[in-house]
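Please look through the sequence and the model before reading on.

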Amino acid sequence: MQEIDAEVRLSAVELARVLPQGRGRRWSERVPALYPVAVRYHRGRRRIEWMRSSTAYARIKDGEDLPVRVKRHKSLLLRQLGETEMWMQHNKVTNLKLACAQVDGVLIRPGETFSFNKLVGNATRRKGYRKGMRLSNGQARPGVGGGICQLANLLHWMVLHSPLTVTQRSTHSFDPFPDNGRVLPWGVGCSIVYNYVDLQFRNDTDQTFQLRVGVGERYLEGDLLAEQAPPSSYRVFACGERFLRAGGEYFRRNEIWRTVIDRRTGDRVEDELIRENVALVKYVPGVGDVDIVDVDQLDPQLIAAFARSRPGRCTGPDLDAQRP
């Protein structure tokens, strides 16, 4: 366990999450009966927002591929996640096939916004969705439509490698399982809850983009296509990875960065901090290369100084560049 000293700095985001006042549970977690009420409330608010919105949402599909591939990615369909029963993994494949059918071929024209919830809709039994693993209200449990977040994860990863602008994206509030065959950096995934927790991105360019997604034998597969090659390429990576122990609980943090590269010259244009992630973990981290910082050793008088400190530019390995 690493002791906190003058060289260790906790960011304001870390402090807000791991200090006692930040670790308090929501009312829906304290009183589970309130959770369905909260869901209905948020769904009603989102329906009203949709009715009043003037946003142009992407809806039109084309079976013909646009000529330029911007980004391709695939993710393994069946992974052993802790003690998770594999029947939920197999049901997830069925759910992904149904969700992909709603997204495959959609065009995102200039000025349009892609909304995962608008296109996929509510995952219900009537539509053929089965019980898969859902991360909900701090728990991993079976639920109808479980597993379609994997499609949102794939879409978000491809969009981060493009000039499309992410306008809405939420992450899970906890990390349920240790890394096991992880391909993407932790912290780039998405949480989807119909209809108010969404993945949305907008096309602020002057050309049309297209999504092609489908379920293969072993992988969920996706392509982001365009009419022309964008002027920039992108590298997305995580750094500043560490675990924090506070009050008997463990938290995981990292930073997601994106490097923008001029495609013509190969020069680095800028580095963007996409997000700093801090989430409660539901397992005990193993002792390895990642630091485990014991926050309970922090001198309370130094909290204000640590809160004022700002994370610097990450210099860790470019995870995306290391993978094929």
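Q: How far is the sulfur of Cys190 from the closest cysteine sulfur?
A: This is a predicted model, in which local features need pLDDT of at least 70 and side-chain atom pairs count only at pLDDT 80 or more, whereas totals for chains, interfaces and linings use all residues. Residues are numbered from 1 along each chain as its sequence is written, and side-chain values use heavy atoms, with hydrogens and water left out. A disulfide is a pair of cysteine sulfur atoms within 2.5 Å, and the structure holds zero of them. For Cys190 the closest cysteine sulfur is in Cys149, too far for a bond because the separation is 7.8 Å.

Q: Is Cys190 buried or exposed?
A: Buried means under 20% relative accessible area, exposed over 50%, and partly exposed in between, with a 1.4 Å probe and protein chains only. Cys149, at 18% relative accessibility, falls in the buried class. Cys190 has 1% relative accessibility, so Cys190 counts as buried.

Q: Which strands does α6 lie across?
A: Axes are lines fitted to C-alpha atoms, for helices over the stretch in contact, and angles run from 0 to 180 degrees between N-to-C directions. On that basis α6 runs at about 125° to β11. The strands that α6 lies across are β11 (232–246), β12 (249–262) and β13.

Q: Why is one side of β7 and of β14 left without a neighbour in the sheet?
A: Two strands pair if DSSP finds at least two bridges between them, and five strands form an open sheet of mixed pairing in the order β7-β13-β12-β11-β14. Since β7 (174–175) and β14 (291–294) stand at its edges, the reason is that each has a single partner strand.

Q: How many bridges join β1 to strand β10?
A: Four strands form an open antiparallel sheet in the order β1-β10-β9-β2, with β1 (68–76) and β2 (107–108) as the edge strands, each pairing on one side only. Helix α4 (residues 86–103) packs on this sheet, touching β1, β9 (209–215) and β10, and its direction makes about 155° with that of β9. Within the sheet, β1 and β10 (residues 219–226) run antiparallel, and the number of bridges joining them is eight.

Q: Which residues does Arg46 touch, not counting residues up to four places away in sequence?
A: Arg46 lies in helix α3 (residues 35–52), and Arg46 counts as buried because its relative accessibility is 10%. With contact meaning heavy atoms within 4.5 Å, the residues touched by Arg46 are Gln168, Asn195, Tyr196, Asp198 and Gln200.

Note on methods. Helices (H or I, at least four residues) and strands (E, at least two) are DSSP runs, numbered from the N terminus.
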